[in-house]
Amino acid sequence: MLEARDLTVRYGGTAVLDRVSLTLPEGPYGLGLIGESGSGKTTLARCLLGLLPPTRGTVLFDGADIGRMRRQRPFRRAVQIVVQDTEGALDPRMRVGTAIAEVLRAHRMVPRGTERERVVGLLADVGLSAEHATRYPHQLSGGQRQRVAIARALAVRPRFLVLDEPTSALDTTVQARILRLLGGLRAEHRLSCLLVSHDLLVVEQFCRHVAVLRHGRIVEEGLLADVLRNPRHPATRRLRDAVPRLPS
Ligand SMILES: Nc1ncnc2c1ncn2[C@@H]1O[C@H](COP(=O)(O)OP(=O)(O)OP(=O)(O)O)[C@@H](O)[C@H]1O
Ligand SMILES: [Mg+2]
């Protein structure tokens, strides 16, 4: 499992994260992390990936402190991230097939010379064809680029996926399709996912559990249905009431 324990991140005098604890259990699991802009969601995601060392607290991977682990490779492989598509997540000078093959080689995922075959398989998993492997990122739509980013994350057979606003650059139809795809992949690969979003509608489609971040603190956590029905914190109520709904 992946666990944040008492994480604090300070920039200058301000705590951007304040004693945050969070657990992602193994297996097909979805935890939504919501909070308004600037509440610390991406900061927490980066800590969980080991990209940002916290000022205090620890991130535990299978019970081991990632800051003290001697062999980083299994952790680096097990936890992957997919971020909002801003055209910058993929190298613009590299054909997408080459980009995925490079990841396969770096982590020695398949026997030498069989990378191409695996790339085609991974693209198929996310609903793309072999032909897409020959394209550059700018020759794909935003939704297709996001599929490539997911394929690249899956290439190393991760156990945990951190999804930081993975669909917020897409229109709602494409967004729903990508979420459905991720839902299917999560079950199939028994992936545990942390879905970062400021949009409760997105979280509702994907997660049973939710944590609410506010000014760097988790102010509410639990089953999404309970939290929506009976929000205890005004910040949660605001996020809930910001969701447009059809009158019942
Ligand atoms: N490197 C940094 N130096 C100083 N302050 C930072 C740094 N990185 C983030 N912050 C601040 O930390 C706070 C939390 O940022 P973060 O990116 O985690 O928010 P977020 O919840 O992901 O917001 P959004 O929904 O807009 O993506 C913000 O006030 C931001 O300005
Ligand atoms: Mg963010």
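First, the ground rules. Residues are numbered from 1 along each chain as its sequence is written, and chains are lettered from A and ligands numbered from 1 in the order in which they are written. Because the model is predicted, local features need pLDDT of at least 70, side-chain atom pairs count only at pLDDT 80 or more, and totals for chains, interfaces and linings use all residues, while side-chain values use heavy atoms, with hydrogens and water left out.

Two strands count as paired if DSSP finds at least two bridges between them. As a reminder, strands of a sheet pair through backbone hydrogen bonds, either parallel or antiparallel.

There is an open sheet of 4 strands in the order S2-S1-S4-S5, with antiparallel pairing. S2 and strand S5 (64–65) each have a single partner strand, so one side of each is left without a neighbour in the sheet. Strand S1 (residues 2–11) and strand S2 (residues 14–24) are joined by 7 bridges, and Ala-4 has Leu-22 as its bridge partner in S2. The hairpin of S1 and S2 has 2 residues between the strands, and Gly-12 takes a positive phi near 60° there.

On to strand S4 (residues 56–61), which pairs with S1 over 5 bridges. Two of the bridge partners in S4 are Phe-61 for Leu-2 and Thr-58 for Arg-5. Phe-61 also stands opposite Ala-64 in S5. S4 and S5 make a hairpin with 2 residues between them, and Asp-62 in the turn has a positive phi of about 50°.

Helix H1 lies across S1, S2 and S4, at about 125° to S1. Contact means heavy atoms within 4.5 Å. Axes are lines fitted to C-alpha atoms, for helices over the stretch in contact, and angles run from 0 to 180 degrees between N-to-C directions.

H1 brings us to the ligand. Which element gives the largest share of the shell around ligand 1? Helix H1 (residues 41–48) does, with 3 residues. The residues around the ligand, meaning those with a heavy atom within 4 Å of it, include Tyr-11, Val-16, Glu-36 and Glu-165. By class, the shell has 2 nonpolar, 6 polar and 3 charged residues. Nonpolar means Ala, Val, Leu, Ile, Met, Phe, Trp, Tyr, Cys and Pro; charged means Asp, Glu, Lys and Arg; the others, Gly among them, are polar.

Now the ligand's oxygen atoms. One is 2.7 Å from an N or O atom in the Lys-41 side chain, and a polar side-chain atom of Thr-42 is 2.8 Å from an oxygen of the ligand. Ser-39 has a polar backbone atom 3.2 Å from a ligand oxygen. Ligand 1 has 640 Å² of accessible area on its own (Shrake-Rupley method, 1.4 Å probe), and the protein covers 54% of that area.

Last, the other sheet. Its 6 strands run in the order S6-S7-S8-S3-S9-S10, open, with mixed pairing. Strand S6 (79–83) and strand S10 (217–223) are the edges. Neighbouring strands are turned by 15° against each other on average, direction ignored. Strand S7 (residues 160–164) and strand S8 (residues 192–197) run parallel, joined by 5 bridges, and Leu-163 stands opposite Leu-195 in S8. Helix H9 (residues 234–241) lies across S3, S9 and S10, at about 115° to S9.

Notes: Polar contact = N/O pair within 3.5 Å; in protein donor to acceptor, adjacent residues only side chain to side chain.
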